[in-house]
Amino acid sequence: MYRRLFVPAGLVAAALIAAGCGSSGNSNTPAGSGSATGTTAPVSSGNALNTMNTMKIGGATVLTNAKGFTLYWFAPDTSTTSKCNGTCATFWPPVKGPATAGTGVMGKLGTITRSDGSAQATYNGHPLYTYKGDTAPGQNKGNGLNIEGGLWHEVTASGSAPGPKTSSSSSGGGGYSY
């Protein structure tokens, strides 16, 4: 006789994300989401520009896209090359460039050319990504993850050096940025 096991949808989704991205070394658990405050601006209509803004998430002021989703940078990337392609880019979609600075954005925005020829937005020399695991504005579930061969960090608006990462799920991840 067959027994069916019912698995909550959230566990299935997490397993699929982990399987699709592949794990490299010890994986960290997501930092979770904290309270979010801030303003967002609409994506400019009629052209390809994205407006970047800032939002307070878990005590850190982070860069967001126009919809309020946290932006991330990938440690193995360089200022001219994205190391996240193929399956990686499915779970960590590159932010299309060029971008414009909105509320609270003080760093330098730019672009790089990806391996597929598309333009990707950068902030202070870091290629920018969103994370499929963030399902609502103000979340930062990708912060501190160690997958696809490196660490993922939320982009802080301050441009300060990384602070120590705390284990608190509401910390927002320590405010990594360069």
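**Touring a predicted protein model**

Visitor: What volume does the second largest pocket have?

Guide: This is a predicted model, in which local features need pLDDT of at least 70 and side-chain atom pairs count only at pLDDT 80 or more, while totals for chains, interfaces and linings use all residues. Residues are numbered from 1 along each chain as its sequence is written, and side-chain values use heavy atoms, with hydrogens and water left out. A pocket is an open set of points on a 1 Å grid over the protein atoms alone, where a 1.4 Å probe fits and protein lies on both sides within 12 Å along at least five of seven lines. With points joined across faces, edges and corners, and the volume taken as the space filled by probe spheres set on them, the second largest pocket comes to about 210 Å³.

Visitor: Which residues of its lining are closest to the centre of the second largest pocket?

Guide: A residue belongs to the lining if it has an atom within 4 Å of a point. That gives 12 residues for the second largest pocket, and the closest to its centre are Asn50, Asn65, Ala66, Val95 and Thr130.

Visitor: How many residues of each class line the second largest pocket?

Guide: The classes work like this: Ala, Val, Leu, Ile, Met, Phe, Trp, Tyr, Cys and Pro are nonpolar, Asp, Glu, Lys and Arg are charged, and the others, Gly among them, are polar. Sorted that way, the lining has six nonpolar, four polar and two charged residues.

Visitor: What share of the residues of the protein counts as buried?

Guide: Buried means under 20% relative accessible area, exposed means over 50%, and partly exposed is in between (1.4 Å probe, protein chains only). By that rule, of the 178 residues of the protein, the buried share is 42%.

Visitor: Is cysteine 88 buried or exposed?

Guide: Let's start with its partner: cysteine 84 and cysteine 88 form a disulfide, with their sulfur atoms 2.0 Å apart. This pair qualifies because a disulfide is a pair of cysteine sulfur atoms within 2.5 Å. Cysteine 84 has 0% relative accessibility and is buried. Cysteine 88 has a relative accessible area of 1%, so cysteine 88 is buried.

Visitor: Is the disulfide of cysteine 84 and cysteine 88 left-handed or right-handed?

Guide: A disulfide is a covalent bond between the sulfur atoms of two cysteines. The torsion about the S-S bond of cysteine 84 and cysteine 88 is about -110 degrees, so this disulfide is left-handed.

Visitor: Which residues does valine 105 touch, beyond those up to four places away in sequence?

Guide: Valine 105 sits in the loop between β5 and β6 (109-113), and with 9% relative accessibility it is buried. Its C-alpha atom is 9.7 Å from that of threonine 51, although 54 residues separate them in sequence. Taking contact as heavy atoms within 4.5 Å, valine 105 touches Met52, Asn53, Thr54, Leu63 and Tyr123.

Visitor: Near what value is phi of asparagine 124?

Guide: Asparagine 124 lies in the loop between β7 (119-123) and β8 (126-127), and it is partly exposed at 31% relative accessible area. Its phi is positive, in a residue other than glycine, and is near 50 degrees.

Visitor: Near what value is phi of glutamate 148?

Guide: Glutamate 148 belongs to the loop between β9 (146-147) and β10 (150-154). Its relative accessible area of 26% makes it partly exposed. Here too phi is positive in a residue other than glycine, and its value is near 65 degrees.

Visitor: Is the peptide bond from glycine 97 to proline 98 cis or trans?

Guide: Proline 98 is placed in the loop between α2 (87-91) and β5 (99-101). With omega near 0 degrees, the bond from glycine 97 to proline 98 is cis.

Terms used
Helix = DSSP H or I, 4+ residues; strand = E, 2+ residues; numbered from the N terminus.
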